[in-house]
Amino acid sequence: MNTIDELKSTGLKATLPRLKVLEIFQKGAQRHMSAEDVFRVLLEDRSDVGLATVYRVLTQFEQAGILTRSNFEGGKAIFELNEGQHHDHLVCLDCGKVEEFFDAEIESRQNAVARTRGFELAEHALSLYAHCTKDKCPNRTK
């Protein structure tokens, strides 16, 4: 399915700003992006799309289920393509890099904790915040 069909299947018209923002998430090297990150890419491509439009498109994509929003340390909203598979996040406190991971044991334990307290998990988000310990981390600014 192509990008235009994907947008139409969610009930959104295939406008130029929507197509450009979706393409950034589908083809970009960076998986987790803020509105400012998306806007920066658009500026580099000399696209005539304003920051307010970027915010509006990201919200529309989230509501349509195309993107997933996460709020990491500092309260900044980060978006990623919703590919339908659950994962958790490991966030570097030094450079802000976000790594995805899935651990069946952690998932099982979270469900068990909820059950023992009389709950059934509907959804959850786990974000671990850490400092990178790699000697030659390419993302570290210090």
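1. The model is a predicted one, in which local features need pLDDT of at least 70 and side-chain atom pairs count only at pLDDT 80 or more, while totals for chains, interfaces and linings use all residues. Residues are numbered from 1 along each chain as its sequence is written, and side-chain values use heavy atoms, with hydrogens and water left out.

2. The protein chain contains five helices and five strands, taken as DSSP runs numbered from the N terminus (helices H or I, at least four residues; strands E, at least two). Their order along the sequence is α-α-α-α-β-β-β-β-α-β. The C-alpha trace spans about 50 × 40 × 25 Å along its principal axes.

3. Of the 142 residues in the protein chain, 29% are buried; buried means under 20% relative accessible area, exposed over 50%, and partly exposed in between, with a 1.4 Å probe and protein chains only. The accessible surface amounts to about 9,600 Å², and carbon and sulfur atoms contribute 49% of that area. Accessible areas come from the Shrake-Rupley method with a 1.4 Å probe; for residues, only the protein chains shown count as cover.

4. Helix α5 comprises 13 residues, 104-116, and its first and last C-alpha atoms are 18 Å apart, close to the 18 Å expected at 1.5 Å a residue. That expected span is 1.5 Å times one less than the number of residues. Buried residues in α5 are E107, A112 and A114. They lie on the same side of α5 because they cover an arc of only 165° around the axis, the arc being that of the directions from the helix axis to the C-beta atoms. E105, R109 and T116 are exposed on the other side. The cover over the buried residues of α5 includes β3 (88-92).

5. After α5 comes G118, which has a positive phi, near 85°.

6. H89 belongs to strand β3 and counts as buried because its relative accessibility is 6%. Its side chain makes polar contacts with the side chains of H32, at 3.4 Å, and E80, at 2.9 Å. A polar contact is a pair of N or O atoms within 3.5 Å; within protein, one must be able to donate a hydrogen and the other to accept it, and residues adjacent in sequence count only if both atoms are side-chain atoms. Leaving aside residues up to four places away in sequence, H89 touches several others, including S70, F72, F101 and L128.

Terms used: Contact means heavy atoms within 4.5 Å.
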